[in-house]
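Visitor: Please pick one spot in this model and take me through it closely. I would then like to hear about its surroundings, with the criteria behind each term.

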Amino acid sequence: MEKASLDFLRNLLNTISPSGYEEEAARVWTEWTGAFADTIEKDNHGNIMAGINPQGTPRVMLAGHIDEIGFMVTYIDEKGFLSFAPIGGHDIQIVQGMRVEVKTEQGRIRGLIGKKPIHLLDPDDRKKVPKYEDLWIDIGARDGEEARSLVKTGDPVVSAYNFEELRNGLAVARAFDDKIGAFVVAEALRLLAADRPQAAVFAVATVQEEIGLRGARTSAYRLNPDIGIAIDVTFATDHPGMEGKEKKRFGEIRLGGGPVLARGPN
């Protein structure tokens with residue numbers, strides 16, 4: 001991968017953009033695609049549409065969503081602990097103990113999701129899946145007054161796991177779902193910009209996918225494409241625990257084995 005493209009991917013992944021709070025990611029994506037797109041448009045919903053040869057035919061829409069799952073602060077108690085609710089779908093079992101970042105008007109604030117220690121739980125309670133009301137975020141505030149001077153109810157929260165490279169060309173990041181899709185459609189448009197196709201091609205960074213595919217619907221209505229291709233993540237079936245019915249359901253999907261194509265009636 002070219003260094004500039006990798007830097008773009010890293011910057012995009014490290015932005016905080018849970019559903020409804022996509023502005024930071026949208027800004028990074030717009031700055032990158034604006035260097036080669038013929039047109040850039042942002043609709044009222046927040047979708048960003050970058051086009052090449054917009055008057056051509058057929059009209060092709062390439063879509064990847066820039067929102068991610070996260071949390072939202074719902075309450076700040078007098079001791080300075082933050083209550084929160086999910087944005088999108090989470091596995092609450094891995095939320096406990098998670099390091100997080102709260103996006104505030106003053107910048108990012110680090111915190112940690114806490115719960116009652118397992119040593120103090122009754123045996124029956126140890127077997128139960130926790131509820132969000134049993135968890136809290138500790139930002140290290142002395143009291144509620146200090147916490148409320150830093151954080152407001154409604155501020156978005158994400159896990160504090162940014163882009164890191166592993167071995168053999170692999171990487172981990174918080175929001176590959178689906179900023180990698182938004183990256184792919186932007187890169188496809190960049191390459192097409194030099195090729196000048198007869199078709200009108202639009203790369204779209206859509207919003208609010210994690211809470212109901214909302215941005216994909218509104219942007220598709222606006223662009224009215226003849227062909228639509230959505231780029232998103234899926235499940236690899238080459239890791240432990242995926243040898244049985246999972247492979248029968250999803251197929252043979254190997255990490256590093258190339259893209260997965262899904263066919264459907266529409």
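Guide: Let's start with Lys103 and Glu24, whose side chains meet in a salt bridge with 3.2 Å from N to O; the term asks for a side-chain nitrogen of Lys or Arg within 4 Å of a carboxyl oxygen of Asp or Glu. In general, side chains of opposite charge can pair when their charged atoms come close. Please keep in mind that this is a predicted model, in which local features need pLDDT of at least 70 and side-chain atom pairs count only at pLDDT 80 or more, while totals for chains, interfaces and linings use all residues. Residues are numbered from 1 along each chain as its sequence is written, and side-chain values use heavy atoms, with hydrogens and water left out.

Now for the setting. The protein is divided into domain 1 (3-68 + 175-233) and domain 2 (70-159), with bounds that come from an automatic or database domain assignment. Between domain 1 and domain 2 the count is 2 salt bridges. The interface also has 4 residue pairs in polar contact, both residues at pLDDT 80 or more. A polar contact is a pair of N or O atoms within 3.5 Å; within protein, one must be able to donate a hydrogen and the other to accept it, and residues adjacent in sequence count only if both atoms are side-chain atoms. On the side of domain 1 that touches domain 2, the residues divide into 4 nonpolar, 3 polar and 3 charged. Here Ala, Val, Leu, Ile, Met, Phe, Trp, Tyr, Cys and Pro count as nonpolar, Asp, Glu, Lys and Arg as charged, and the others, Gly among them, as polar.

The C-alpha centres of the two domains lie 32 Å apart. In contact (heavy atoms within 4.5 Å) are 10 residues of domain 1 and 10 residues of domain 2. About 870 Å² is buried between them, with carbon and sulfur atoms giving 62%. In domain 1, the residues that lose the most area to domain 2 are Ile16, Pro18 and Tyr21, together 61% of what that side buries. Buried area is the accessible area (1.4 Å probe) that two parts lose on being put together, summed over both.

Next, the strands. E6 (residues 99-104) pairs with E7 (residues 107-114) in the antiparallel sense over 6 bridges, and the two form a hairpin with 2 residues between them. Pairing needs at least two bridges found by DSSP; helices (H or I, at least four residues) and strands (E, at least two) are DSSP runs, numbered from the N terminus. Arg99 has Leu112 in E7 as its bridge partner. E6 also runs antiparallel to E9 (residues 156-159), joined by 3 bridges, and there Glu101 is partnered by Val158.

Back to salt bridges: the structure holds 18 of them. One joins the side chains of Glu78 and Arg148, again at 3.2 Å, N to O. Glu78 lies in the loop between E4 (70-76) and E5 (82-87) and Arg148 in helix H4 (residues 144-150), so this pair ties together parts that are 70 residues apart in sequence.
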